[in-house]
Amino acid sequence: MGGFSISTVLFLTVLHVVFLHAHSTTHWQDIEVLKELKNSVDPNSMTPGSCLISWDLSVDPCDNLLSEKFTCGLRCDFVISNVSRVTELALDQANYSGTLTSISWNLPYLQTLDLTSNSFTGSLPESLSNLTRVQRLGLSGNSLSGSIPSSLGSLSYLEELYLDNNFLEGTIPQSFNGLKNLKRLEFQGNKVTGEFPELGQLNNLNYIDASDNSISGELQASFPASLIQLTMRNNSIEGNIPASLTGLNFLQVIDLSYNKLSGSVPASLFTHPSLEQVTLSGNQFGSVQEPGSLFQNSQLIAADLSNNEIRGLLPGFLGLMPRLSSLSLENNKLSGMIPTQYALKMVFPDQGVSQFERLLLGGNYLFGPIPGPLLDLKPGSVTVRFGDNCLYRCPLRLFLCEGGEQKSLSECQAFGPIIP
């Protein structure tokens, strides 16, 4: 065997099958090679219950690689020092099952490990920290549980970490500040609790998705300066939006919807030099700060402030923002008349100013007539919802008034005596 142990040959053979045929049936020639390999070994030399003797090649090895009928390759404790220069292992969407703790992760040269969308169970093993050169670690869409080991913070080459859509719990380790090359962090769709850690030291991190967990406390004071997108919807985050977040010069997307944020929506979100999308729906904000004239350089395209507790008049400046084309202020406690600038932006936008293509104002206490220019709009030309307000001459048959009948006069006057 030229210095290679039989376990090394087995591992190399199985890796050949995995890499070439993980998403299809095994090529018949590969099966013949495996049969030939097994038949070349004296049966009397095999230990009862060993990996090799367990091979059942009457079934497809690719479809049964980690099953009870074909357990070689990853689940056997091979001596794999002679194949440690393997750089990529991808078994995504292959419907494999088993536990990761039963696998010996002695692959120091591995750069990509992708086990996405399989049926792996159990906890994340500490031995994943042996993958000292891994750059992409994909464990999404399995049934992994338990806590996230702090030892993952030692993977200094790691650029992408996908732990999303599992059953992981506990807190995000502070050791993640050691992931100096990390660019993308996804662990949405788990059961993670506690405060989100300070990750301001990660100067390459540009994407965070921590949605659909049970993260609590306030947003950390320090965010990576390189951050482009922050998505943390459906958690239990409290307090205000910190200035450190709105001060990130490369930020393009913020989604903090359905948390417990309160106070005022900061004016800096509407004057940001790169921010394009803000989603703050389903919180407890009570007002929107006016940004003055600085909003004229805003890059904001879409803003969703629906389902909050925002009071007062509709913010007029939102009808003057140059690129804003989608605005939702539904289900707040806004009152007053629909500003003329909203109507003009929807029907007669100035040169270089984006038209309102989506304007959702239903579920408030807006009163008065619908601005005249809006009555010339044709159904299907734009998306508008003015229903469930205190507007007059706004019947449901008018497409602008979709979203519910107007509130009764008594309900409107009970909210504010200014409503006629």
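Predicted model: local features only at pLDDT ≥ 70, side-chain atom pairs only at ≥ 80, totals over all residues.
Let me begin with the core. The largest nonpolar core of the model holds 93 residues, and the ones with the most contacts inside it are Leu245, Leu256, Phe270, Tyr342 and Phe386. If we ask which elements give two or more residues to this core, they are strand E16, at 260-265, strand E18, at 284-288, and helix H4, at 340-347. Of these, H4 gives the most, with 3 residues.

Now to the aromatic rings. A pair of aromatic rings is described by the distance of the centres and the angle of the planes. In this model the count comes to 5 aromatic pairs. One of them is formed by Phe187 and Phe196, which are stacked, with 6.1 Å from centre to centre and 10° between the planes, and both of these residues are buried. Another stacked pair is that of Tyr365 and Phe415, where the centres are 3.8 Å apart and the angle between the planes is 5°. What does this second pair tie together? Tyr365 lies in strand E24, residues 365-368, and Phe415 lies in helix H5, residues 409-415, so the pair links parts that are 50 residues apart in sequence. Tyr365 is buried, since its relative accessible area is 15% and the cut-off is under 20%, whereas Phe415, at 26% relative accessibility, counts as partly exposed. There is also an aromatic cluster, made up of Phe270, Phe295 and Phe317, and Phe270 is a residue we have already met among those with the most contacts inside the core.

The charged end of Lys407 sits over the ring of Tyr365, 4.6 Å from the ring centre, and the charged end of Lys345 sits over the ring of Phe356, at 5.3 Å from its centre.

Finally, the sheet that contains strand E24. This is an open sheet of 4 strands, in the order E20-E22-E24-E26, and the pairing is parallel. Its edge strands, each pairing on one side only, are E20, at 311-313, and E26, at 390-391. Strand E22, residues 333-336, runs parallel to E24 and is joined to it by 2 bridges. Which residue of E24 is the bridge partner of Ser335? The partner is Tyr365, the residue that also stacks with Phe415 and has the charged end of Lys407 over its ring.

Notes
Residues numbered from 1 in each chain as written. Heavy atoms only, no water. Core = buried A, V, L, I, M, F, W, Y, C linked by side-chain atoms within 4.5 Å. Buried < 20%, exposed > 50% of the residue type's maximum accessible area, 1.4 Å probe, protein only. Phe/Tyr/Trp six-rings, centres within 6.5 Å; stacked < 30°, edge-to-face > 60°. Lys NZ or Arg CZ within 6 Å of the ring centre and 35° of its normal. Pairing = 2+ DSSP bridges.
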